[in-house]
Every structure is written in C-alpha cells, then in structure tokens.
Amino acid sequence: MSDATPEVAPGFTGFQGAIEAIALGFPARFEGAASEAALREEKAKLLGKKGDLTFALKAMGALPPAERKAAGEQVNGLKGAIEAAFEGRLRAIAGEALARELSGPAYDLTLPPRVASPRGHKHPIGIVRDEIVDIFRSLGFAVHDGPEVEREDYNFTKLGFPPDHPATDMQDSFWTTSGHLLRTHTSNVQVRAMLGKVPPFAFVAPGTVYRRDNEDATHLPQFNQLEAFLVDRRVSFSHLRGVLAEFAERLYGPGTTIRLRPSYFPFVEPGAEVDVRCVFCKGSGCSTCKGTGFIEILGCGMIHPVVFENCGIDPQAWTGFALGMGLERIALLRYGIEDIRLLVENDPRFLSQFR
Ligand code: PHE
C-alpha cells in the first residue's frame, strides 16, 4: 500500500494543493451567497459527503505516515474556519433581510382585508330549534335550560319510571362513575321546574339528550329534543290538542292536519303520539310516510298525578300537559335529508346548503 501510486483525480495537485485551494476559495464563495439557502448549498459543497474537504481528507491517505498528523490538524483547522465563516455569513444574511424589511414600505394595519372572511350560518338543527322556540314563545311559553348530566331520580324516578323500566337499564343510558347519567330526554326539565316552585308554568326546554343506540341512518347516541310543558288551573286535554294543532300549522303551514294516537309514557296519562298529514304526499301515501299518509312527530300527554306528587305539586289543584319532540327528526323531514349522520359529520358541502 505504501508503495502504491495514489490514484488522483485529473488536475489534482495532491493533498496540499487541494487544501490550499479550499482555504483560498471559501471566503469568497460564502460572501457570494445572497440567501440562506444558497449559503447552505455552498457549505454542503465544502463539508458535505461529496464536498471538497471530504475529498481532500481521502487524499490524506496517500501521504507518508509521518505527515498525516500535521495534515489532520490542518484539515480540522480549516473545517473550523469554514464553520465559523458560515455562521458569520448566516447572521449577516439575517441582518440584511431585517434591514430590508425595516427600510421597506410600512404595513398599513388599518386597510380592510382583501378577501372578506366567509360569514358563518346556523346548523339545520339550530334553524329548526329556533323556529320551534319562536312558535312557542309567541304562544306565551318561556324558555328553560336543564343539565345534560342529571340525577337518576330527576331523569327517571320522579317521572314515574318504575325502577325496572327498560329505559333505566345500564344498556340504554350512559352512566357516570358517580351514579349520574346523561339525560335520556328533556323531560328532566319538568322536574327541575316544579320542585320547590308554585304553578302556573309554561315553558319549552330545547337541548341535547343521550341514549345508548348504535348509530345508523335514523339513530344517533346523542341527539336533540324540545320539550313543552304547561301547568295551570283546569288545563284539559283540549288545551293540549289546541296547542298541537296551532303548532303544526305554524311549522308546516295553514291547513296542516294532525292525528293523535293513544300511547304510553310513564309520566303522562293519558299519553299520545302525534302524527302530521305527510308533508311530502299530502296524505296520499309515499315512501316517507310508508303509505300511511301520516308522519309521527312527537309524544305528549297530560301530566300524571304521581309526577305532580313526586315534585310537591297538588294534583287536585293543578293540571297540565307536556309534549316532546326530536329535533333531528323534524329537520330530516323538513329538508328531505335521508341519513341523520349527515347532521353531525360537519361536512361543509352539506352544511353550506343551509346558508
Ligand atoms: N320524553 C319522551 C321521550 O323522550 C317524550 C315525551 C315528552 C312524551 C313529553 C310525552 C310528554 O320519548
């Protein structure tokens, strides 16, 4: 090996020549780099894997062993000088950029933006909710709010659900470790409105409710309801019927007919489900109403005397009614939306249609 003639590139003048060429050349190369990117490129050409200094380092192997130590120190010294020069030039370039920015035209922060930011708009559930709340407000109902994390007795027991009612099952509700649950309906607001207070009451309570349902085209584990509640002296079923008829006409237009079917909810007696004449086929029968001509929109009934007693209200002195509807259902029917999941996916292509 020591006798072998080292292979050198054409025009290569040996180790010393290469080192001197680099040492003489690098300051001007760095000075000539006008941007940080150009500077880094020059550095790579010197110190990178295929850089000039790396190449010279390889040529060092051809030197007689006695000269190698001094040569190594020379290379290290040069490398240090290159790195220091690089840092210096880097700072200079940053300084030049700042100076340019400071001496350039000033920003006018009072100018209006060139592109107006897009206006937000209501979600379809919000549109439907606000419209229904407005209808009830115009009929004299106030608006109440209630907690989504609720006590078991306010969501179930005081409303007359027997302890073994399937709705109270662990499978149907979301329970917290503290024994509370996510309310399964807005009827909890009835209990909260009555406890420790004296009728008359007339309010609506819109809000989010939760049930352990697997999501599909018609179910979500989290959805929205709106409850209406009215208690006064001598309130009768015909008052309920009148409010329902007025509500249906305001929501779906004059002449909209409704139909009541007996139904069961633990906290009302009698209870009913309310259908409206199908808004799509006007009653002649279509796929939405499954040929029946009617679509179910809510549940309702007269407040059960036991609920009054559970909430400290005298059922001899007061009567009242409640009704509750699913806002998603109303929105799906209103806009002809076929999959309830569209309402929670927040796809702007879907939502922008409600602008
Ligand atoms: N809370 C009932 C439900 O979620 C709806 C309802 C409200 C029924 C008021 C009657 C009266 O199914």
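Buried means under 20% relative accessible area, exposed over 50%, and partly exposed in between, with a 1.4 Å probe and protein chains only. This is a predicted model: local features need pLDDT of at least 70, side-chain atom pairs count only at pLDDT 80 or more, and totals for chains, interfaces and linings use all residues. Residues are numbered from 1 along each chain as its sequence is written, and side-chain values use heavy atoms, leaving out hydrogens and water.

**Phe-350**

Phe-350 counts as buried because its relative accessibility is 9%. Its place is in helix 12 (residues 348-351). Helices (H or I, at least four residues) and strands (E, at least two) are DSSP runs, numbered from the N terminus. Leaving aside residues up to four places away in sequence, Phe-350 touches Pro-124, Ile-337, Leu-342 and Leu-343. Contact here means heavy atoms within 4.5 Å. The C-alpha atoms of Phe-350 and Glu-83 are separated by 57 Å; the two residues are 267 apart along the chain.

**Helix 3**

Helix 3 (residues 52-59) has Leu-53, Ala-56 and Ala-59 as its buried residues. Seen down the helix axis, they fall within an arc of 110°, so they line one face of helix 3. That arc is taken from the directions from the helix axis to the C-beta atoms. Their cover includes helix 1 (14-32), helix 2 (36-47) and helix 4 (65-103).

**Strand 5**

Nine of the 11 residues of strand 5 (residues 222-232) are buried, so the strand is largely enclosed by the rest of the structure. Strands pair if DSSP finds at least two bridges between them. Strand 4 (residues 201-210) runs antiparallel to strand 5, with 10 bridges. Here Pro-206 stands opposite Leu-226. Strand 9 (residues 319-326) is also antiparallel to strand 5, through eight bridges. Glu-227 stands opposite Gly-324 in strand 9.

**Ligand site**

Residues around the ligand include Glu-227, Phe-265, Phe-267, Cys-300 and Gly-324. The table gives polar contacts, pairs of N or O atoms within 3.5 Å.

| Ligand atom | Side chain (N or O atom) | Distance |
|---|---|---|
| nitrogen | His-185 | 3.0 Å |
| oxygen | Arg-211 | 2.9 Å |
| oxygen | Gln-225 | 2.9 Å |

The protein covers 89% of the 320 Å² of accessible area that the ligand has on its own. Accessible areas come from the Shrake-Rupley method with a 1.4 Å probe. Strand 5, strand 8 (294-303) and strand 9 each give two or more residues to the ligand's shell. Strand 9 gives the most, with three residues.

Conventions. Near = heavy atom within 4 Å. Polar contact = N/O pair within 3.5 Å; in protein donor to acceptor, adjacent residues only side chain to side chain.
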